Amino acid sequence: MLLQNDQKQLLKRFKEVRYLSEQLTEPLEIEDFVVQGMADASPPKWHLAHTTWFFERFILKDHLAGYEELNPQFDYLFNSYYETIGPFHPRNQRGLLTRPTAKEVFSYRNYVNAHIEKLFNDLPESKAELVLDLLEIGLQHEQQHQELLLTDIKYNFAQNPLLPVYSEASEPSGINSREFAMIPIDGGLAEIGHSGRDFCFDNESPRHKVYLEPFSLASHPVTNGEYVKFIEGGGYEKPEYWLSDGWTHIKKEGWNAPMYWFKAEDGWNTFTLSGQKKIGLDEPVCHVSFYEADAYARWAGKRLPTEAEWEHALESTVCEGNFVESRNFHPRPANSRNGKFYQAYGDVWEWTASAYTPYPGSKPLEGALGEYNAKFMCNQMVLRGGSCATSSSHIRSSYRNFFQPEKRWQFSGFRLAEDAE
């Protein structure tokens, strides 16, 4: 009976998550579905198709007897990086795929959705646990792509001189000024990593012990107003604040501010999914790279927290904040403290000082799904906490996001840490 209830709840969630992906594309015009502004930013149409392929490839083809693919060529077009499955279309050429059309991609989604429901209506008990686990991974995977869908639309729109509006913004409300504070955290032996029976990715486990020296963690993420002082203080011109790779990168790219910032007659402006706006000084700074976060921390006489420090300090904080459900699609000023801290979750992903490596005793999933996380554990840094484009049901204190240190098209920000005196 318990398994049947789980099955019903998961099928309900399946419909909700799949519907949200399509809702997020409703503001788009047909021309928007195929644009790829850079290799990292996939076209909206591709995200819709790839998340559908995931359910088809890992569930339907293996577990629904007699299943026939709508189009066998989709296995090549919409495989992202699973080498053990077979060859795939180059990532930097996804924007060249004018066919299948957006209409055909939506038909593909409906086709796969119908067959998932068919499988669930006649799911053998012997397969139920495995299929439910795979469906949960598929839902978590689609939620990740919902965030990528939004950040990629934002990047694509930013390449257009018209600076299109994706969604009209509501007026931000929040605290106009907050007293900056460093919250002391006891050191000693601590545990990090996922615990309990709820879903987690393989990179979040096993839970394990770490030893931490006493430290302090900032009460809130660094704000735009605080970051402007770094810019005006010559932060982008002084190599002493920068890692060597970071200094080389900002000089090569000509960076002098966060991504999407530009100077206008009324000062610093930024591009958002609601179009151009003057930066909000009390909003968390976002679209900064690890290199920029690290340089700011040095300029401020602080440092970035390790991921173990971040999780230890914030694990008991309630997971609530400005998520995708708020439909703001942009960081907001803090409304109130969440325990000792402001904006521990939502608004911006927070860079940590930790390289993305496996936990002691970590084991990737078996088969092709073992490629999901483990093979990226090189040259990437960990981010924590979720963003304004993350689903609230997707984030948790043990969640480990990861990107290369120069990437900044995600809603990425940071908060400061320091060693105890």
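Modeller: Let us start with one crossing, bearing in mind that this is a predicted model: helix H4 passes helix H5 in a left-handed crossing.

Biologist: What angle and what axis distance describe the packing of helix H4 and helix H5?

Modeller: Two packed helices are described by the angle between their axes and by the distance between those axes. Here H4, residues 102-121, and H5, residues 125-158, pack at an angle of about 150 degrees, and their axes are 12 Å apart. That angle makes H4 roughly antiparallel to H5, since angles over 145 degrees count as roughly antiparallel.

Biologist: Which residues of H4 and H5 meet?

Modeller: From H4 come Arg109, Ile116, Leu119 and Phe120, and these meet Val131, Leu132, Leu135 and Glu142 of H5. Sorted by class, the contact of H4 with H5 has six nonpolar residues, two charged ones and no polar ones.

Biologist: How do the axes of H2 and H4 cross?

Modeller: The axes of helix H2, residues 44-63, and H4 come within 9 Å and cross at roughly 30 degrees. H2 is therefore roughly parallel to H4, and H2 passes H4 in a left-handed crossing. On the side of H2 the contact includes Leu48, Trp53, Phe55, Ile59 and Leu60, while H4 brings residues including Val105, Phe106, Val112, His115 and Ile116. The residues of the contact of H2 with H4 divide into 13 nonpolar, four polar and three charged.

Biologist: Is His115 buried or exposed?

Modeller: Burial is read from the relative accessible area, and a residue under 20% counts as buried. His115, which is found in helix H4, has a relative accessible area of 18% and is therefore buried. Leaving aside its neighbours within four places in sequence, His115 is in contact with Leu60, Leu64 and Tyr67. The C-alpha atoms of His115 and Leu60 are separated by 7.4 Å, although these residues lie 55 residues apart along the chain.

Biologist: What is the relative accessible area of Gln140, and which residues does Gln140 touch?

Modeller: Gln140 has its place in helix H5, and its relative accessible area is 3%, so Gln140 is buried. Not counting residues up to four places away in sequence, Gln140 touches Arg13, Phe199, Phe201, Ser393, His394 and Arg396.

Biologist: Which residues of the largest nonpolar core touch the most other members?

Modeller: The largest nonpolar core has 115 residues, and those that touch the most other members are Tyr82, Ile116, Tyr166, Tyr227, Trp351 and Phe414. Helix H5 gives the most to this core, with 12 residues. Ile116 also takes part in the contact of H4 with H5. Tyr227, for its part, touches Val222, Tyr236, Pro258, Val285, Val288, Glu292, Tyr296 and Phe414, not counting residues up to four places away in sequence.

Biologist: How many residues of helix H8 are buried, and against which elements do they pack?

Modeller: Helix H8, residues 290-299, is mostly covered, with eight of its 10 residues buried. Among the buried residues are Phe290, Tyr291 and Ala293, together with Glu292 and Asp294. The buried residues of H8 pack against helix H6 (224-232), helix H7 (244-253), strand E12 (349-355) and strand E13 (381-384).

Notes: Residues numbered from 1 in each chain as written. Predicted model: local features only at pLDDT ≥ 70, side-chain atom pairs only at ≥ 80, totals over all residues. Heavy atoms only, no water. Axes fitted to C-alpha atoms, helices over the stretch in contact; angles between N-to-C directions. Helix = DSSP H or I, 4+ residues; strand = E, 2+ residues; numbered from the N terminus. Parallel < 35°, antiparallel > 145°, perpendicular 65-115°, else oblique. Left-handed = near helix turned anticlockwise from the far one by under 90°. Contact = heavy atoms within 4.5 Å. Nonpolar A, V, L, I, M, F, W, Y, C, P; charged D, E, K, R; others polar. Core = buried A, V, L, I, M, F, W, Y, C linked by side-chain atoms within 4.5 Å. Buried < 20%, exposed > 50% of the residue type's maximum accessible area, 1.4 Å probe, protein only.
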